[in-house]
Amino acid sequence: MSHLPLPAEPGDGTRAVHAGIPAPRPGQPALPGPVFAAHYHLPGDPAEATYGYGRNANPTWTALESALAGLESPGREAHAVVFASGMAATSAVLFTQLSAGDTAVLPTDGYHGTSGLIPRLEASGVRVTTVPTGGPRQYAALDGARLMWTESPSNPGLDVCDLAALADAAHARGALLAVDNTLATPLGQRPLDLGADFSMASGTKGLSGHGDLLLGYVVTRDAAAAEALRGWRAAIGAIPGPMETWLAHRSLATLQLRVDRQASNALAVATALRERPEVTGLRHPGLPDDPAHALAARQMRRFGCVVSFTLADRDTAERFLAALRIVDNATSFGGVRSTAERRARWGGDDVPEGFIRLSVGVEDAADLIADLTGALDAAAG
């Protein structure tokens, strides 16, 4: 469903603008509008129809799935499946690939929503072990495992693991590797090219980038696994609306522009924050002295928009957030508008009370730095 031909090795901007766009037809839009349909004309054998009922398939999903497969796996066939949210996508991978008696390995320092699935997995007979991102414990935990789920960089701590080495180790032990690629986006990192079996992301965040929709997706090169994901989506009803799907596809045209601006802004902000003595535990993979930088530089093409750091205590962090004028006090990340929050308020992350997760948007870097440093001054006063 792609608009061909493109150059043999198109740049990221070209690839993103043309991802999933159909061949041109006279008098038709470049990106067809959303298809709103609960049912389709369906004479004869339903098995011969591409579209029959709205819970099973929609042309707007098809277009976005073609785009996502092309971005996550350029040059190699892959299968994308879109969902109503990132958690719907995560659940689909875990519950289609794991059965009673299997062992799953999940991160201790990943997204707390994923950790919330542990009791449900255990209730279905799956044994769950948890390990921190990176380091030897991840490899040791693969013994006897059916699937490892990891985030790299992790959310919110921004630790990085060697995905290629981890994939090799998992496959040597008969395990699968699933990677939450939300923070990096497919322009920052391609887990499938590094050997992962599944690349999942919350399209709510950097992929769509405007903070106005919920969406998730999974991309795999395994056709049978993709069919299982589609079956799960239909059975559970975790389907995205056509309007949200179309908005996400439309947003891909600016993906490269957004992630490049956010990455450069994030590095500028992190560099400025490094000069503030009240800021501790500063993390951003793009900083040359960040513990994850060397590994991130080998496997990532862009370092993302998230910066994390810690202030003295809860009250200092709250004063800092209240003093911000450009940066919104809000959750989520990856949007064009910068946001920050005291992450410990949710209770699901093992972080200090003064820990701040900052998502850097596309505003002018100088304005963001002035806002952040002014708020730090106010919090200290």
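Mentor: Please note that this is a predicted model. In it, Asn 265, Ala 268, Val 269, Ala 272 and Leu 273 of α10 meet Ala 365, Leu 368, Ile 369, Leu 372 and Leu 376 of α13.

Trainee: How many residues of the contact of α10 with α13 are nonpolar, and how many are polar or charged?

Mentor: The contact involves residues such as Val 269 in α10 and Leu 372 in α13. No residue in it is charged and one is polar. The nonpolar residues number nine.

Trainee: At what angle do α10 and α13 pack?

Mentor: The crossing of these two helices, α10 and α13, is right-handed. Their axes lie 10 Å apart. The angle between α10 and α13 is about 35°.

Trainee: Which element supplies the largest share of the largest nonpolar core?

Mentor: That core has 27 residues, and Leu 64, Leu 68, Tyr 217, Val 219, Leu 252 and Leu 255 touch the most other members. Elements that each supply at least two residues include β1, β7, α9 and α10. The largest share, six residues, comes from α2.

Trainee: Why is α9 described as largely enclosed by the rest of the structure, and which helices are included in what covers its buried residues?

Mentor: Seven of the 10 residues of α9 are buried, so this helix is largely enclosed by the rest of the structure. Among the buried residues are Trp 246, Ala 248 and His 249. Leu 64 touches Ala 248 and His 249, as well as Thr 245. The covering of the buried residues of α9 includes α2 and α10.

Key
Residues numbered from 1 in each chain as written. Predicted model: local features only at pLDDT ≥ 70, side-chain atom pairs only at ≥ 80, totals over all residues. Heavy atoms only, no water. Core = buried A, V, L, I, M, F, W, Y, C linked by side-chain atoms within 4.5 Å. Buried < 20%, exposed > 50% of the residue type's maximum accessible area, 1.4 Å probe, protein only. Helix = DSSP H or I, 4+ residues; strand = E, 2+ residues; numbered from the N terminus. Contact = heavy atoms within 4.5 Å. Axes fitted to C-alpha atoms, helices over the stretch in contact; angles between N-to-C directions. Left-handed = near helix turned anticlockwise from the far one by under 90°. Nonpolar A, V, L, I, M, F, W, Y, C, P; charged D, E, K, R; others polar. Lists of a residue's contacts leave out its neighbours within four places in sequence.
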